[in-house]
Amino acid sequence: MYQQTDQRMERLGFIKSLLVGAVSAPVVFEACKKDAAAELAEDTASATNTGSGTSTSSCTVAPTETEGPFPTKSPSSYLRSDITDGKTGYAMTAKITIANVNNSCLGLAGALVDIWHCDAEGNYSEYGGTQMQSTNYQSVHFLRGRQVTDTNGLVTFKSIFPGWYQGRATHIHVHIYKADGTSLKVTQIAFPEGSGSAVALVNGYSKGMSGYTYNKSDNVFSDDSTGLQIASVTGSKAEGFELSIRLSVSA
Amino acid sequence: MKVITLCYRKVIDSSSETLWEKMVFEDSYAEFRMQSQYFDQEKKYQHFGELIQNVPGAERLHFLVSASVTGYITQLNSLIPDVLDNQGRRFLKFHNYRFEIINSSMKDISKHQVAINFFSNKLVWHDTVADQLLISEEIQQDESFQTHLLKLIPFLSIDTLKV
């Protein structure tokens, strides 16, 4: 009996010493600083492990409220066909077929396809200079999306015709994965050029085409002499454009 | 009158216990594994820290992986988790947040550690009572403020101050 009490006292003392250590640790006051270099260094792992916000708050009141809301499994916000997110521009539907060179170039079903491209002004969605995110969580990842290929290896995205930025021809980034998330291919889709092409019709939106980099001068597409990366693009500004391309992977 | 915003940095790792935390942990890890392959196509690195140090642009992974937790953030209904007033209720509202990867590894999920920084709406800091902040939402009703007493727990800090 006495022994038990002693053990309990010892344990209490031990817990108290832990608490004092946790409370006095400078990490509390540094927690919201964005010193990326310090946080990312592998050797800080043990320091940040000393307390997850919940476990070290035992010196304050415990939650006293009705349980809930109950979390439900929620897929990545990339998983959608319409990636427009309110971005304005000429409508564009992108139909991308993934073919498997290890299976007579037949369509690869069940592959994950990520695409991303810039908006009409040539900007990508990303964290800006500010520390905070905008109130509309859903639109933060504009013009980025993920789809799963159907039995024919096809995915379809609804978006806008991309703008352009210094040093690059108009393009769409593509990352193709196996169903388990293993990377199969990272590539980019180029657009046909010349009179009557969609690139010519859109004419760089408000930027115009002064200073535009064409495919032959683009550092990614310049060695694509056979045009394997160039999509077929039809349509008009009024009706919207339809892009289609077949990309081969070894799966 | 002092107007403050608070920042709560919620760290989530393999020791996290609630269902919500586990979902954020697992889904952000799966997304990290997918997205990091873009930055290391030759498969030279295993750890997030190595990518950040060696691959230009790899810091975009914070943003790119954040899409995997958007749905879970929405499920919080704009209420910062874990932070309770002295009556044991969650009350701090947020509209802004920032997801960050602290550490991760392509081959070892136990190394995965992320944080979500929740930024509170503007609050009036009226006074300090014992070790608690006496704060209220900025809106005044009938010339009195609906106040809360709040203790600054670990990982909760004052982010901005306007005197």
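In what order do the four strands of the open sheet in chain A stand? In this predicted model, the order is β4-β3-β6-β7 in chain A, and the pairing is antiparallel. Residues are numbered from 1 along each chain as its sequence is written, while chains are lettered from A and ligands numbered from 1 in the order in which they are written. Local features need a pLDDT of at least 70 and side-chain atom pairs count only at pLDDT 80 or more, whereas totals for chains, interfaces and linings use all residues.

**Confidence**
- The pLDDT, which is the predictor's confidence in each residue from 0 to 100, averages 80 in chain A, with 72% of the residues scoring at least 70.
- Over residues 1–57 of chain A the pLDDT is below 50.

**Overall make-up**
- Chain A has five helices and nine strands, where helices (H or I, at least four residues) and strands (E, at least two) are DSSP runs numbered from the N terminus.
- Of the 251 residues in chain A, 29% are buried, meaning that 20 or more other C-beta atoms, placed from the backbone, lie within 10 Å of the residue's own.

**The open sheet**
- Strands pair if DSSP finds at least two bridges between them, and β3(A) (residues 112–116) is joined antiparallel to β4(A) over five bridges, with Leu112(A) opposite Val148(A).
- Five bridges also join β3(A) to β6(A) (residues 171–177) in the antiparallel sense, and here Ile115(A) stands opposite Val174(A).
- Strand β4(A) (residues 144–148) is mostly covered, with four of its five residues buried.

Terms used. Buried ≥ 20, exposed ≤ 12 C-beta atoms within 10 Å, placed from the backbone. Contact = placed C-beta atoms within 7 Å.
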